Every structure is written in C-alpha cells, then in structure tokens.
Amino acid sequence: MEIKEWNNIHDKFVEKFGWEMGTSIFLSISKDYTKGRSAYELNQYEQRKMIIALRAEYNKEAKCLEKEKAK
C-alpha cells in the first residue's frame with residue numbers, strides 16, 4: 001500500500017470522528033492486518049482485506065455518530 005493512500009484513509013477517519021477517536025479507530029483496525037509491518041509492506045490481498053474492514057468500521061461508527069447527534 002502506498003503511504004499516500006494510507007494517509008488519505010486516515011484523513012477520512014480524522015475528518016469524520018476527530019483526531020483522537022479517528023486515529024484510535026483507524027489504528028485498531030489496521031493493526032490486525034499490518035501485524036507489526038509497515039503499510040507499504042502489505043500485499044494486494046492484505047491491503048484489500050484491510051480496506052474492507054476499515055470501510056465497514058467507518059460506516060458502523062458513522063451510523064452511531066448520527067444516532068448520537070439525533071438525540
């Protein structure tokens with residue numbers, strides 16, 4: 001994975017959830033897929049699986065955030 005893409009995904013999380021929460025969510029999900037390696041060391045399969053997991057978590061957290069705002 002290119003670092004530019006990694007940073008772009010991280011920026012989306014930070015824009016939506018704020019710096020602390022966005023970074024925390026992003027790193028907790030990505031940690032399962034990087035397993036101590038750098039982002040640029042991921043192969044295509046690992047990269048695709050990580051992006052799918054990040055997308056699912058982003059959507060789940062966004063729905064929770066919208067419900068909290070509606071209260």
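Predicted model: local features only at pLDDT ≥ 70, side-chain atom pairs only at ≥ 80, totals over all residues.
Helix 2 and helix 3 pack against each other at an angle of about 150°, and their axes lie 9 Å apart. Because angles over 145 degrees count as roughly antiparallel, that angle makes helix 2 roughly antiparallel to helix 3. The crossing of these two helices is right-handed. On the side of helix 2, the contact is made by Met21, Ile25, Phe26, Ile29, Ser30, Tyr33 and Thr34, while helix 3 contributes Glu46, Lys49, Met50, Ala53, Leu54, Glu57 and Glu61.

After the helix comes lysine 35, which has a positive phi, near 50°.

In the loop between helix 2 and helix 3 one finds leucine 42. Leaving aside residues up to four places away in sequence, leucine 42 touches Met1, Tyr33, Thr34, Arg37, Gln47 and Met50. Aspartate 32, by comparison, stands ten residues from leucine 42 in sequence, and the C-alpha atoms of the two are 12 Å apart in space.

The next pairing to follow is that of helix 1 with helix 3, whose axes come within 11 Å and cross at roughly 10°. Since angles under 35 degrees count as roughly parallel, helix 1 and helix 3 are roughly parallel to each other. Here Glu5, Trp6, Ile9, Lys12, Phe13, Lys16 and Phe17 of helix 1 meet Gln47, Met50, Ile51, Leu54, Tyr58, Glu61, Ala62, Leu65 and Glu66 of helix 3.

In one of them, tryptophan 6 and phenylalanine 26 are arranged edge-to-face, with 4.8 Å from centre to centre and 70° between the planes. This pair links distant parts of the chain, as tryptophan 6 belongs to helix 1 and phenylalanine 26 to helix 2, 20 residues apart. Both tryptophan 6 and phenylalanine 26 are buried.

Another pair, formed by phenylalanine 13 and phenylalanine 17, is tilted, with 6.1 Å from centre to centre and 45° between the planes. Both of these residues lie in helix 1, four residues apart, which is about one turn of the helix. In general, an α-helix has 3.6 residues a turn, so residues three or four places apart point the same way. Phenylalanine 13 has a relative accessible area of 3% and is therefore buried, and phenylalanine 17, at 9% relative accessibility, counts as buried as well. Which residues do the ring pairs link into a cluster? They are Trp6, Phe13, Phe17, Phe26 and Tyr58.

Terms used: Residues numbered from 1 in each chain as written. Heavy atoms only, no water. Phe/Tyr/Trp six-rings, centres within 6.5 Å; stacked < 30°, edge-to-face > 60°. Buried < 20%, exposed > 50% of the residue type's maximum accessible area, 1.4 Å probe, protein only. Axes fitted to C-alpha atoms, helices over the stretch in contact; angles between N-to-C directions. Parallel < 35°, antiparallel > 145°, perpendicular 65-115°, else oblique. Left-handed = near helix turned anticlockwise from the far one by under 90°. Contact = heavy atoms within 4.5 Å.
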